[in-house]
Amino acid sequence: MTLYKVYVNIIYTMKKKKLPPTGMAARYEAAWNSLVNELPEWKKLHVIEEPFGRLASEVAHEAALRAEDEKFSIAPTGGN
């Protein structure tokens with residue numbers, strides 16, 4: 001097998017498996033998701049429709065602050 005085919009096989013396998021984010025990426029994603037879930041429905045729709053707009057930028061900034069806060073936990077809380 002040529003080096004190119006090995007490379008293509010590795011890339012294909014990596015894309016296929018899609019590992020969950022770890023480290024700070026996981027913290028940023030969890031912060032973004034929790035923040036967006038707290039938004040009113042109209043703001044969620046606005047962020048989706050204008051992903052590079054002012055409101056989306058503000059939400060991203062707040063998510064970054066939340067993710068970098070030492071008190072923020074990505075562990076799910078038990079509902080029971």
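## Confidence of the model

The mean pLDDT of this predicted model is 82, and 84% of the residues reach 70 or more. Among the elements, helix α4, spanning residues 54–68, has the highest mean pLDDT at 93, whereas helix α1, spanning residues 3–17, has the lowest at 70.

## Fold and surface

The protein holds four helices and zero strands, so that, read from the N terminus, its elements follow the order α-α-α-α. Of the contacts with a separation of 6 or more, 67% are between residues 24 or more positions apart.

Of the 80 residues in the protein, 18% are buried. The accessible surface amounts to about 6900 Å², and carbon and sulfur atoms account for 60% of that area.

## The setting of arginine 27

Arginine 27 belongs to helix α2, which covers residues 23–38. Leaving aside residues up to four places away in sequence, arginine 27 touches Ala67, Asp69, Glu70, Phe72 and Ile74.

Although arginine 27 is buried, it has no salt bridge; aspartate 69, which carries the nearest side chain of opposite charge, is 6.6 Å away, and a salt bridge would require a side-chain nitrogen of Lys or Arg within 4 Å of a carboxyl oxygen of Asp or Glu. A polar atom of the arginine 27 side chain does, however, lie 2.8 Å from the backbone oxygen of alanine 67, and alanine 67 is also among the residues that arginine 27 touches.

Technical notes: Residues numbered from 1 in each chain as written. Heavy atoms only, no water. Helix = DSSP H or I, 4+ residues; strand = E, 2+ residues; numbered from the N terminus. Buried < 20%, exposed > 50% of the residue type's maximum accessible area, 1.4 Å probe, protein only. Lys, Arg positive; Asp, Glu negative; His and termini not counted. Polar contact = N/O pair within 3.5 Å; in protein donor to acceptor, adjacent residues only side chain to side chain. Contact = heavy atoms within 4.5 Å. Areas by Shrake-Rupley, 256 points an atom, 1.4 Å probe, with all protein chains shown as cover. pLDDT = per-residue confidence, 0-100.
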